[in-house]
Amino acid sequence: MPQPLDLPQGFRWGVSTAAYQIEGAVDEDGRGPSIWDTFAARPGAVRDGHTGAVACDHYHRYPEDVALMQGLGLDGYRFSIAWPRIRPTGAGPANPAGLDFYDRLVDGLLEAGITPLPTLFHWDLPQALEDGGGWLARDTAYRFAEYTALVADRLGDRVPAWITLNEPFVHMVYGYAMGIHAPGRALMLDALPAAHHQLLGHGLAAAVLRERGLDVMIANNLTPVRPASSSEADQAAATAYDALHNRLFTDPILLGHYPDLSAFGVGPDLGGSVRDGDLKLIAATPLDGLGVNYYNPTRIAAPTDPGLPFAEAPIEGVPRTAFDWPVVPDGLRELLTGLRDRYGAALPPVTITENGCSVADEPAADGTVSDPDRIAYLAGHLDALAAAVAEGVDVRGYFTWSLLDNFEWAEGYHQRFGLVHVDFETQRRTPKASYAWYRDLIAAHRAVREG
C-alpha cells in the first residue's frame, strides 16, 4: 500500500486527457474538421498513417471511462472540449449536439463525485480558422473568446474552474515553427505571432470567464533549463532558451510584459504583433491557478545552428521512457521552486496538470498489464512534488497524464501513457498495475484527510 505524502489539506488528485486524443467520432453530430484531421490525413505526417478518427471512442464510451475514474477515487478530471464540436467552422452559432455531449459528460462526472476541469483549447483548432491564418491571425483570438462564452454559458453553472490553453509553447513550436504537429507549418521564428495571438486569446477568454464568476487557469509546458557547462556561451544559450520555453507564455500573464528575446533578434513587439493595450489585456484577469505540465528538464548548450541561439544537449546517465525522454523526478521540485523564486507573490497556486510517462506495456497471457516503470516514475515525481511543498511552494493538486492509452499526436498509437491499457482494435479497457497503485495512493490520502 503506498504511503501518503505530506501534502496540504484539500490537495486534489486527478487524471488528464485531451479531446482529439480520445474522443473519436470526428464526423458525428455536426462536428467540423480540425487541423488534426487535416494533418493526420497528410501522407507521412503521423507515424504509420494513424489518425484520431476513432481513437479511444470516448465519445460513445464515456460512461465506461467515468466509471474507471470513479474507481480511482479521483477528485477531478481534466479533459478538453473540442472547439470543432461546438463551432464547426470556428464561428457562428453553437452546435447543440456538441454542447449536449459535454453536458452529459459533466453530469456524469458530478454524479460520480468528480469535479470537471475543462481545457478550452488543446490543439484541435477548427480547420476553417486555420484556412484564415490560424493562430497567426489576430482574428482567431476573438473567435476563441466567442467560443469560450458559448461553452461557459452552457456548463458554467456546474463547472467552477477552466483552463484556457494547453501548452501554447508546444503548439507554437511544433505546429507553426517546426511543422511536426498540426497545422504543419515550418516558419521557425516567423511563428512568433502564434505566441502573441494565443496569449491574446487567453486574455479575452479569461475576461469572459471572470464575467461569469468562474476561475481561470492556463496549462503551460515548463522545464527546468540546465546549461551544459559553466561556460559563458552555454550559460547565455540556456538563458535564451529559458526565455523562449518558460517565460514567453508566463511573463505576460503574471508580469505584464514579454521576456527579453533579443537573442532571437526579436523585440518586445514580437515582430509587430503586439498592439497598444494587448499586454494590459493579457494580464488584466489574474490567474486563479497556474497549470504546470512537467515531463523532464532540458539541457542546453551554445548554438551549432546559426539560425538559433541555443542547441539542445542530451541528459545522460538517467533512465529513459519509451519515448526516449529522460526521467529526472527532482526536475519537478527544481521547476516548482524556480517558479516561486522567479515570480514571488505574482505566482498563483500551482496545479500539476500533466505528468506521466510512456511505457511499452502490453497485456500478459493472463490479461494483466504490469508497468513497474510507470509506478516508479509517478512515485518519484510525487516525492519531488512533496519536497517542493515542504520548501514552501503552494501546490494544490496533481493530475497525471493520462487516464487512457491514446492517440499520441505525431506518434499515433505507438506511445502508451495510460493508467488504463486500450486495445485499439476492440476498445477493450484494462486497468494496469499503475491504476491500482494510484487508486491505493489516493485512498491512503483520503483516509488521512477524512480521519
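Reply: Let's start with two terms: strands (E, at least two residues) and helices (H or I, at least four) are DSSP runs, numbered from the N terminus. Two strands pair if DSSP finds at least two bridges between them. The model here is predicted, so local features need pLDDT of at least 70 and side-chain atom pairs count only at pLDDT 80 or more, while totals for chains, interfaces and linings use all residues. Residues are numbered from 1 along each chain as its sequence is written, and side-chain values use heavy atoms, leaving out hydrogens and water.

Me: How do I read strand pairing, and which residue is the bridge partner of G14 in β11?

Reply: Strands of a sheet pair through backbone hydrogen bonds, either parallel or antiparallel. Here, β1 and β11 run parallel and are joined by five bridges; G14 has F399 as its bridge partner in β11. β1 also pairs with strand β2 (residues 76-80) in the parallel sense, over three bridges, and S16 stands opposite R78 in β2.

Me: Is strand β1 largely enclosed or largely open?

Reply: Buried means under 20% relative accessible area, exposed means over 50%, and partly exposed lies in between (1.4 Å probe, protein chains only). Four of the five residues of β1 (residues 12-16) are buried, so this strand is largely enclosed by the rest of the structure.

Me: What about a buried residue in a loop? Where is Q415 found?

Reply: Q415 lies in the loop between β11 (395-401) and β12 (420-422). With 6% relative accessibility, Q415 counts as buried. A polar contact is a pair of N or O atoms within 3.5 Å; within protein, one must be able to donate a hydrogen and the other to accept it, and residues adjacent in sequence count only if both atoms are side-chain atoms. The side chain of Q415 makes such a contact with the side chain of S358 at 2.6 Å, and another with the side chain of E411 at 3.3 Å.

Me: And how do I describe helices α14 and α15, which pack at an angle?

Reply: Two packed helices are described by the angle between their axes and the distance between the axes. Axes are lines fitted to C-alpha atoms, for helices over the stretch in contact, and angles run from 0 to 180 degrees between N-to-C directions. Helix α14 (residues 372-390) and helix α15 (residues 433-450) pack at about 30 degrees, with axes 9 Å apart. That makes α14 roughly parallel to α15, since angles under 35 degrees count as roughly parallel, over 145 as roughly antiparallel, 65 to 115 as roughly perpendicular and the rest as oblique.
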